[in-house]
Amino acid sequence: MGANIRKNGQTRVVIVGGGIGGLKLAMSLRHTDYQVVLVDKNNYNQFPPLIYQVASAGLEPSNIAFPFRRIFQGWKNFFFRMAEVKAIDEKEKAIETTVGAIHYDYLILATGATTNFFGNKNIEQNTLPMKTVTEAMTLRNTILSTLEKAETEDNPEKLQALMNFVIVGGGPSGVEIAGALADMKKFVLPRDYHDLLERIHIYLLNASDRLLQTMDPKLSQRAEADLRKMNVHVRNNWIVTDYQDGVVSVKNGENIASETVIWVSGIKANVINGVPQEAIGHNGRIKCDPFNRVKGMRNVFCIGDQSIIEGDKNYPLGHPQVAQVAIQQAVNVAQNIQRCETKEDEKPFSYNNLGTMATIGRKRAVAEISRFKFGGFAAWILWLVVHLRSILGIKNKLNVFLNWVWGYINYKQNLRLILRPDEKMQKKDNTLS
């Protein structure tokens with residue numbers, strides 16, 4: 001097995017990771033004379049801000065995922081390989097992958113971050129993360145299967161454990177999935193599961209003293225007030241210490257019996273072998289210079305959630321792990337690579353904070369744009385517009401828009417299907433990887 005990419009004399013730029021940052025970097029090099037090679041373990045780009053809507057049966061996975069080969073169709077100098085990267089061999093200027101070695105002139109690491117379970121094996125094995133489309137589908141199946149199981153449960157204690165949905169994490173992902181489940185309870189369950197309506201409880205457990213820590217405190221208060229109006233049980237300063245045998249344990253001594261625990265309580269950078277130990281920084285993020293070049297490595301860059309720029313006084317622990325950082329760093333690195341080739345001076349990265357937003361549910365959101373801080377319907381409309389513009393493909397934009405309009409009018413979606421992968425196919429996929 002080999003990568004089968006012929007070296008044609010062009011400067012080769014290899015991008016590891018096809019997320020928001022990696023994709024933007026590849027697209028920024030479209031009109032250059034470089035050979036661009038994108039490596040990703042999936043054959044599609046996914047749109048993380050809307051993953052929670054897949055998990056809550058609001059959107060289909062295909063609405064927020066787009067095949068790489070379709071994106072780059074017709075690009076003469078672009079190559080995609082579906083593979084996992086095992087290590088970087090800086091001496092050979094190559095990456096070792098599951099399909100063989102791929103040599104580079106410039107290498108960009110953009111593999112992002114993964115769910116942080118903080119070393120707790122019980123939590124890792126028993127809770128449900130929500131970082132990828134695959135995990136969102138698993139969560140969607142679990143939620144719907146749990147509701148079906150509850151319909152036939154006779155034991156009152158077991159029934160209540162099935163009906164307690166616990167979300168751990170008070171950041172945007174936690175707030176958004178809590179709001180989505182609350183909307184599901186209000187608009188869907190009276191039609192589909194009316195016998196269970198009064199028993200369902202949604203808990204949002206937050207380790208800090210307020211939700212949405214990166215936003216203005218007034219917006220945090222507004223988000224919490226909105227969630228409480230939606231009958232979400234918000235619990236601040238509740239640090240989850242364990243989850244086993246269907247019981248969530250909290251540091252303050254409280255316990256919650258639940259069969260469905262969603263873990264969105266932090267992320268950590270993905271690790272790639274071959275990066276010098278001295279370049280590994282806070283939370284596993286890779287230390288870079290002001291140009292996003294990896295510390296101690298030549299022609300190797302790192303962008304997005306995976307990177308941390310040393311010496312940045314405004315962000316000593318790294319820039320926010322949000323899409324705009326990855327996009328802006330991708331553009332800057334693409335330009336600097338071209339400057340390197342023409343012997344021009346490189347430009348250091350400077351982050352332009354365009355603001356942050358979080359949706360809380362139907363007609364509810366909070367937004368912080370420069371000095372403007374607001375919530376409610378206006379923030380919700382702005383959130384819809386911004387995210388709709390960011391989705392790849394006209395068809396996907398149209399599908400998502402129609403889904404949102406139809407859901408807003410009557411909430412009668414046809415997406416609440418429990419789809420399980422065939423075990424034989426799963427085994428076959430595992431042998432191929």
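View 1. T260 belongs to strand β18, which covers residues 260-263; strands here are DSSP runs of E of at least two residues, helices are runs of H or I of at least four, and both are numbered from the N terminus. The model is predicted, so local features need pLDDT of at least 70 and side-chain atom pairs count only at pLDDT 80 or more, while totals for chains, interfaces and linings use all residues. Residues are numbered from 1 along each chain as its sequence is written, and side-chain values use heavy atoms, with hydrogens and water left out. T260 counts as buried because its relative accessibility is 1%; buried means under 20% relative accessible area, exposed over 50%, and partly exposed in between, with a 1.4 Å probe and protein chains only. The side chains of T260 and T146 make a polar contact at 3.4 Å (a pair of N or O atoms within 3.5 Å; within protein, one must be able to donate a hydrogen and the other to accept it, and residues adjacent in sequence count only if both atoms are side-chain atoms). Apart from neighbours within four places in sequence, T260 is in contact (heavy atoms within 4.5 Å) with L128, T142, T146, N164, F165, V166 and Y243.

**View 2. The aromatic pair F117 and W263.** Rings of Phe, Tyr and Trp (its six-membered ring) pair if their centres lie within 6.5 Å; planes under 30 degrees apart count as stacked, over 60 as edge-to-face and the rest as tilted. The count by this rule is 8 aromatic pairs. F117 and W263 are stacked, because their ring centres are 6.4 Å apart and their planes are at 25°. F117 lies in the loop between β10 (113-115) and α4 (121-126) and W263 in strand β18, so the pair ties together parts 146 residues apart in sequence. F117 is buried at 12% relative accessible area, and W263 is buried at 4%.

**View 3. The aromatic pair Y315 and Y351.** With ring centres 5.9 Å apart and planes at 65°, Y315 and Y351 form an edge-to-face pair. Y315 is in the loop between β22 (307-309) and α10 (323-341), and Y351 in the loop between α10 and β23 (356-361), so parts 36 residues apart in sequence are tied together. Y315 is partly exposed at 23%, whereas Y351 is buried at 14%.

**View 4. An aromatic cluster and two charges over rings.** One aromatic cluster is formed by F72, W75 and F78. A charge sits over a ring if NZ of Lys or CZ of Arg is within 6 Å of the ring centre and within 35 degrees of the ring normal. R235 lies over the face of W238, 5.7 Å from the ring centre. R362 lies over the face of F187, at 4.5 Å from the ring centre.
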